[in-house]
Amino acid sequence: MIFKHIEESQITMTQLMLPSHSNFRGNIHGGFILNLMDQIAFACASKHSGHYSVTASVNKVDFLNAIAVGELVTLKASINYTGRTSMVVGLRVESENIHTGVIKHCNSSYFTMVAKDKEHNSVEVPGLILDTEDSIRRFARSIKRQKQARKRSENFSQADFKMDEYIEEVKLHNVKIEL
């Protein structure tokens, strides 16, 4: 079994935000940032696994602060978790105002990537060497997040869903139910 230090596959990418990346308000399109995030997650996972890697899922993308044209955007990617063929890449997005030097945390997210061989079959990935409390915390958080996702899927599977258990809660929201 092969194991790698987290630092061996970490990636940082910085890009100047141009007018062509913006929406009508002069802020950078969220979709453009998501594209950059997918690129850096791919690079980090591929570097760790030594194989082409594909995006299997994206967990929670919250846009915390707007990014303006002319700012530098820095994306940082790190492997937080390794399974047999999958990896969770933790991403952090920051913007920097070039004139003032002010740095804003704009986004954090987790991309689950799967390593593939030339025939598009999933392949085993190297494990992680956890050598800090922070690395253990991130790995454990990924395990917990996976368990929560499985539970959410099970609770709301179409075959097992019982409307009577949720109808009163649903009525408390901005809906009109016409059954």
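## Cysteines

In this predicted model, C44 counts as buried because its relative accessibility is 0%. C106 is likewise buried, with a relative accessible area of 1%.

A disulfide is a covalent bond between the sulfur atoms of two cysteines. The cut-off applied here is a sulfur pair within 2.5 Å, and by this rule the count comes to zero disulfides. C44 takes part in none, since the nearest cysteine sulfur, that of C106, is 20 Å away. Seen from C106, the closest cysteine sulfur is in C44, and the 20 Å between them is too far for a bond.

Strand β4 covers residues 72-82, and nine of its eleven residues are buried, so the strand is largely enclosed by the rest of the structure.

On one pairing, β4 runs antiparallel to strand β2 (residues 11-16), joined by six bridges. Within this pairing, I11 stands opposite A77 in β4. β4 also pairs with strand β5 (residues 86-96), again in the antiparallel sense, over ten bridges. Here T74 stands opposite E94 in β5. The two strands β4 and β5 form a hairpin, with three residues between them.

## The loop at G50

G50 is located in the loop that lies between α1 (30-49) and β3 (52-59). Its relative accessibility is 59%, above the 50% cut-off, and therefore G50 counts as exposed.

The C-alpha atoms of G50 and K116 are 9.5 Å apart in space, while the two residues are 66 residues apart in sequence.

How values were computed:
Residues are numbered from 1 along each chain as its sequence is written. This is a predicted model: local features need pLDDT of at least 70, side-chain atom pairs count only at pLDDT 80 or more; totals for chains, interfaces and linings use all residues. Side-chain values use heavy atoms; hydrogens and water are left out. Helices (H or I, at least four residues) and strands (E, at least two) are DSSP runs, numbered from the N terminus. Buried means under 20% relative accessible area, exposed over 50%, partly exposed in between (1.4 Å probe, protein chains only). Two strands pair if DSSP finds at least two bridges between them.
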